[in-house]
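Please find below a colleague's note on the model under review.

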Amino acid sequence: MKMFGDISSIVSHACCVFLFLLWITLGTAVVDVVGSHQGIPLSVVKLWASAFGGEIKSISAKYSGSQLLQKKYKEFERSVHVEEIDGLKLVKKLAENLEEMFHKKAEAMKRLVEAAEEAHLQHEEDPDLQYEYFNAVLINEVDEEGNSMELGGDFILQPNDHFNNLSVNLSLSVVQVPTNMYNKDSAIVNGVYWSEALNKVFVDNFERDPSLIWQYFGSAKGFFRQYPGIKWTPDEHGVIAFDCRNRKWYIQAATSPKDVVILVDVSGSMKGLRLTIARQTVSSILDTLGDDDFFNIIAYNEELHYVEPCLNETLVQADVANKDHFREHLNKLFAKGIGMLDLALTEAFELLNDFNQTGRGSVCSQAIMLVTDGAVDTYDAVFAKYNWPDRKVRIFPYLIGRESAFADNLKWMACANKGYFTQISTLADVQENVMEYLHVLSRPKVIDQEHDTVWTEAYVDNTMKDSGGPVMMTTVAMPVFSTKNETRNKGILLGVVGTDVPVSEILKAIPKWKLGIHGYAFAITNNGYILTHPDLRPLYEEGKKRKKPNYSSVDLSEVEWEDKEDMLRNAMVNRKTGTFSMEVKKTIDKGRRVLVLHNDYYYTDIKGTPFSLGVALSRGHGKYFFRGSVTIEEGLHDLEHPDVALADEWTYCNTDEHPEHRYLSQTEAIKLYLSGREPHLKCDKELIEEVLFDAVVTAPLEAYWTSLALNKSENSDKGVEIAYLGTRSGLSRINLFVVPDQLNSPDFLTAEDKEGVFTADHFPLWYKRAAEQVPGTFVYSLPFNAGNENKSVVLASTAIQLLDERKSPIAAAVGIQMKLEFFQRKFWTASRQCAALDGKCSISCDNDDINCYLVDNNGFILVAEDNSLTGMFFGEVEGSVMSRLLSMDSFKRVTLYDYQAICRIYAESSDSAHSLLSPYFAVFAAVKWLLTELVIYLVEFNLYSWWYSDLTAKAQRGGRTMLVPCDTEYPAFVSERTIKETTGNIDCDGCIKSFVIQQIPSSNLFMVVVDNKCDCQEAGPITMEPIEIMYNESLKCDRLRFQKDRRRPDTCHPFHPDENSMECGGAHSLTPSLMATLLALLAALYPR
């Protein structure tokens, strides 16, 4: 028995040793989840967290009135009806509403087309016509003697709120003529005269549809008639560069989609100014190409050089990014050798034919643009082989320079191939001559008399700025044709009519309240580009509101990037109706925070347009809504309380439709609608019923908050400043506990705080965050204000659920704003508590050897002993601890991507490429060339080249930085909800750094206590800084060549058998007197 006892003793001893070694191992390992370093007792930290949590929740619940509001909604629980949202039915209904709205705009344009064509038909051209019209620049201008300027005169202008308080004339239109054109040119005067007939139709259209904004007629002659009349102001150089004919709406309406190959002669004779003019010509051609067009550029001498070698033997879509990419390569062209045009033409024809066979291009019009200083042959053998007899590819030669020796050969090519020939002698001639080809491509459409309605992609309009800066627009446009019999086979395009449709008007047709807290609607074009989406960011540098270079061609896949296979995007591009689901990572709070949601998508097409509409609903509470019912009398009584506000950008009643309703507030409109005295006032009956219900349920909070404010013993230190609530119907109530002048964050809950209020496409940030918290708990945060982070207040909010179940819709959210100093004081008071009977605490946040932090569920610091750390990401301050929390799964890193980012790079040589294509450098170069001609004409190109190289060198030597579009990857961090407390030790080169993290009860907060005796600087910080995604040359090439699914426009007019192809241009006399040209150019430069 003793032997067994000894064995037992040995085993027992061994077990003890083993357990001791195990304890040692765990105590000094990377992570210790059992106990912490001796200096930070978990029980004490838990006590602090509990004390602070109880105190701050008590304050938040008391001043927000959350329990009272929850109780009030519970009282109505039996009288409400909860419904699941039928997403497919909803998106179809919204698409019908938008179709009706878009149709009204198109009908207005149709009336303008009919009036314009009739007016032109009745007009006889008079070369001697004298006619005074209202010039947009000269109206209300006087000369030195105080007399009205010619083509000016008194023009009544009055501010109008429908046009963002711009001063306009609702009875008349004005005419703008580009600076480089003569105001009294016979063709312009005649066009202005007959188009006066449009004034009556402009006014009639606006009376029929008061939601219309700008209506206009862009003439093929270059003038632009705009209604309502408004004064135009030249830039600081006295120039108005606007030419309606190179706007996308004009080009899209005037021509059909096209595949274009641009051939650029880079033989030795093209040196100097000729090559510069050629570059500018190519750049101007690119300006005339749109998203439905495809192109490539080939330079030629005795060899062929694709300007972008990666894109040989293919065409690419003419979107902004691709056109800018090619422009950067234009400056790399240099002239040498002999021009072998037959090789270039052969390559262009084969390229167009092969690409057309793939079905990936426009599959419509085809053209070859030839930019050269001459052709020694007509190359009829090439044309006979590839283009005759059908002549499906049009040839547009641009003869560069003054020499006309080869003009006949080039004109023959144009006439033999249904094209057009022009000669360009100076940089000033480029734009006008390039646009000649548009008239030729419009002929088949004109002869067919096909008035196709076109819609542009979204773009930023600077004239209609709102409080958020420039607004996004789309334009609907239709072409206007000459209907005179004698010109029918010439296919004369008179111009294009159009009207702008703000994207905000599209959003008005979408009831945000039906989409839920995280739901949203979005629309894309036939090319997959975003028309509207809450994640589209067209501007950067918030204070300056600058447009991003490629903002108008952001693809749906760049914002819904979790859809790796483009299933949603491609279904919508192909105008299908259906559903799609995926998990998404939605950033909020300016990208600093992330919500992981599961979205269900529903989509369909908008008939009569190239657009498709989608709706995203988040699963859970986002798929349900409820209907409540109260009497109209009760609802109106509580709706008219002074603390009630309705969502500014939501449409309860359409007050834009009739002028007499425009000055009504939404509350006034609701009251008028419910009175039944205004049958023409259209309102959302369902939404009004819900807002009346919410007004009644939330009314008791007004008296509750008032009683708190009147009780002097309450809130004596004025730590709580504001109580607020919002409901799913867009109703909000606000109560101030301090006078407005004492508010630490006066912009909160105002129009200046876009993220904090209901807008057309999102619920307030505090509402969205509260909805994702566990019911009954509060979410606390520091507001991140644009430009200057406001660290003086803390927001606390909680969601009010209608039912005690997972499918319950969120009825409302309530919250308070308190002073940060007040909030921090409560934290430090709690952290001084301890359970010792003698009152002597073993540890305190006042100790020098520990650091105490209060962080939120995304890792941002709300409280720290060093106040300068407030608002910072915890990983930047305590990198080693954050790294350990990530490895322990206490926090998760969520990788996010931004495909709309802007990165700063050194301009270097790319800057010079842009400089020589800018108007300033172009004009400056022209002046230098003219001066050179005055000195010695025979050495024109050598001397010019010397001057030109000086310009380039200056541009390159600048070494400045520039902002360019880029793709970035960046992290966000989220706490793991299931972890309430965690302890750990970190080995810092032999020194053990311990920490404790404890969740604050009923909140999204954590107390983190860190032993600071060890220096763990080698671990480095963990930051949220974005990292640019760098693509190697091979991948860049693949991205350039890859073409996403797109849907071609429904109509195509490539050629017509009755077309008069002998209208094919000629060598225009484009050499005005040298002195006149020089004076004009010097005048343009003078203000600089």
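The points below take up helix packing, disulfides and backbone geometry in turn.

1. Basis of the note. This is a predicted model, in which local features need pLDDT of at least 70 and side-chain atom pairs count only at pLDDT 80 or more, while totals for chains, interfaces and linings use all residues. Residues are numbered from 1 along each chain as its sequence is written, and side-chain values use heavy atoms, with hydrogens and water left out.

2. Helices α2 and α21. Helix α2 spans residues 42-64 and helix α21 residues 700-710; their axes come within 9 Å and cross at roughly 120°. Helices (H or I, at least four residues) and strands (E, at least two) are DSSP runs, numbered from the N terminus. Axes are lines fitted to C-alpha atoms, for helices over the stretch in contact, and angles run from 0 to 180 degrees between N-to-C directions. The two helices, α2 and α21, are therefore oblique to each other; angles under 35 degrees count as roughly parallel, over 145 as roughly antiparallel, 65 to 115 as roughly perpendicular and the rest as oblique. On the α2 side the contact (heavy atoms within 4.5 Å) is made by Ala61, Lys62, Tyr63 and Ser64, and on the α21 side by Leu701, Tyr704, Trp705 and Leu708. Six of the residues in this contact of α2 with α21 are nonpolar, one is polar and one is charged. In this scheme Ala, Val, Leu, Ile, Met, Phe, Trp, Tyr, Cys and Pro count as nonpolar, Asp, Glu, Lys and Arg as charged, and the others, Gly among them, as polar.

3. Helices α18 and α19. Helix α18 (residues 632-639) packs with helix α19 (residues 666-675) at an angle of about 160°, the axes being 11 Å apart. Accordingly, α18 and α19 are roughly antiparallel to each other. Ile632, Leu636 and Leu639 of α18 meet Thr667, Ile670, Lys671 and Leu674 of α19. The residues of this contact of α18 with α19 comprise five nonpolar, one polar and one charged.

4. Disulfide count. How many disulfides are there by the distance rule? The count comes to eight, a disulfide being a pair of cysteine sulfur atoms within 2.5 Å. Three of these pairs are described in the next points.

5. Cys364 and Cys1052. These two cysteines, Cys364 and Cys1052, form a disulfide with their sulfur atoms 2.0 Å apart. The torsion about the S-S bond of Cys364 and Cys1052 is about 105°, so the disulfide is right-handed. Cys364 lies in the loop between α10 (341-358) and β11 (365-372), and Cys1052 in the loop between α29 (1033-1041) and α30 (1074-1085), so the pair ties together parts that are 688 residues apart in sequence. Cys364 is buried, at a relative accessible area of 11%, whereas Cys1052 is partly exposed at 32%. Buried means under 20% relative accessible area, exposed over 50%, and partly exposed in between (1.4 Å probe, protein chains only).

6. Cys415 and Cys1064. A disulfide joins Cys415 to Cys1064, with an S to S distance of 1.8 Å. The S-S torsion of Cys415 and Cys1064 is about 75°, so this disulfide is right-handed. Cys415 belongs to helix α12 (residues 407-416) and Cys1064 to the loop between α29 and α30, so the pair links parts that are 649 residues apart in sequence. Both Cys415 and Cys1064 are buried.

7. Cys653 and Cys683. The sulfur atoms of Cys653 and Cys683 are 2.0 Å apart and form a disulfide. Its torsion about the S-S bond is about 105°, so the disulfide of Cys653 and Cys683 is right-handed. Cys653 lies in the loop between β26 (644-646) and α19 and Cys683 in the loop between α19 and α20 (685-698), so the pair ties together parts that are 30 residues apart in sequence. Cys653 and Cys683 are both buried.

8. Cis peptide bonds. The bond from Tyr227 to Pro228 is cis, with omega near -5°; Pro228 lies in the loop between β6 (224-227) and α7 (248-254). Trp388 and Pro389 are also joined by a cis peptide bond, with omega about 5°. Pro389 is placed in the loop between α11 (380-386) and β12 (393-400).

9. Positive phi. Val363, although not a glycine, has a positive phi of about 50°. Val363 is found in the loop between α10 and β11 and is partly exposed at 36% relative accessibility. Leu749, a residue other than glycine, has a positive phi near 70°. Leu749 sits in the loop between β28 (731-736) and α22 (765-771) and is buried, with a relative accessible area of 16%.
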